[in-house]
Amino acid sequence: MIDLRSDTVTKPCPAMRARMAEAEVGDDVYGEDPTVNRLEALTAEIMGKEAALFCSSGTQSNLLALMSHCARGDEYIVGQQAHTYKYEAGGAAVLGSIQPQPLPLEPDGTLDLEGVKKAIKPDDFHFARTRLFCLENTQAGKVLPMDYIKTAGEFARARGLKFHLDGARIFNAAVKLGIDARIIAEPFDSVSVCISKGLGAPVGSLLCADRAQISQARRWRKMVGGGMRQAGILAAACIFALENNIDRLNLDHENAARMAQELARVDELEIAPESGQTNMVFVRVRHRANELQDFMAQKKIAIPGGDSLRLVTHLNISSADIDTVVSAFKDFYR
């Protein structure tokens, strides 16, 4: 099956499985799993932060960031299409009693800083206290400009706001820009990094920040049931991914760009202009959308349903697979 629904669908390769089988383990809740400890130290070093915390998912690492930055009744400013607001089950509000203030995203995935400035609440007991400013990189496959990130960081500091990055695909952004991920992470107080997307680990995200925040986040992780025991088996896969699967993200980007270019030749499809910037292609299906998913499944190609498709390349998608996918779309509309 050629699965284009997400980059979360990857399977561990034999070398990654071998690393998992050989992992030295302990009880991570006691801080005694050496492989988890090594992963946390490695990720903190890569991100240029003091410490890191291994979490079961990006949803959890983002939640811990919000809950360790904000108290009950505080507010965070975030994009309306951002995962921390729209796609993580309202956890900040439900579990943290933190009020989101969602703002519309600009076409390039940024938030207009003048709009953010207007959304910051006065220091008045009538209002929630604005504590945190959140960005996402990549945002729907788009890489945030570095000049904007630096300016946004200065903006947040000048207004006494903490600054968090949902960096689920930060390595895609870094590879696209040709820079180290730590350069993207530098202006942020905290960064959530997902290893189970483009890097291909089966499970795992990390929250990176200073030691004080990670200590607080560790307490929240325990409270929400995220404490894992012999988690070194999973951490070993993440270490393998960090050591082997970052530079190859260029291949995913090349595959996505070529898929976007080829699908644009199909009259019945409309390709969003930002498609192929990293590993995502956004397709508007003009005709027969209800039939397309079933047809592709018969060709052993998994895509989302509906007339707006997000097609995602990853390490289990080859150049030959792109040829197969393009051919199938053309066959459907022949």
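In which strand is the place of threonine 130? In this predicted model, threonine 130 has its place in strand 5, and, since buried means under 20% relative accessible area, threonine 130 counts as buried at a relative accessibility of 11%. The side chain of threonine 130 reaches the backbone nitrogen of lysine 121 at 3.0 Å.

Glutamate 136 is buried yet takes part in no salt bridge; the nearest side chain of opposite charge belongs to arginine 169, at 5.5 Å, whereas a salt bridge is defined by a separation within 4 Å. The side chain of glutamate 136 does, however, reach the backbone nitrogen of histidine 83, at 2.9 Å. With neighbours within four places in sequence again set aside, the contacts of glutamate 136 comprise Gln81, Ala82 and His83, together with Leu144, Leu165 and Asp166.

A further feature concerns the surface. Methionine 223 is located in helix 10, which covers residues 211–223, and methionine 223 has a relative accessible area of 58%, so that this residue is classed as exposed, the term being applied over 50%.

Technical notes
Residues numbered from 1 in each chain as written. Predicted model: local features only at pLDDT ≥ 70, side-chain atom pairs only at ≥ 80, totals over all residues. Heavy atoms only, no water. Buried < 20%, exposed > 50% of the residue type's maximum accessible area, 1.4 Å probe, protein only. Lys, Arg positive; Asp, Glu negative; His and termini not counted. Polar contact = N/O pair within 3.5 Å; in protein donor to acceptor, adjacent residues only side chain to side chain. Contact = heavy atoms within 4.5 Å. Helix = DSSP H or I, 4+ residues; strand = E, 2+ residues; numbered from the N terminus.
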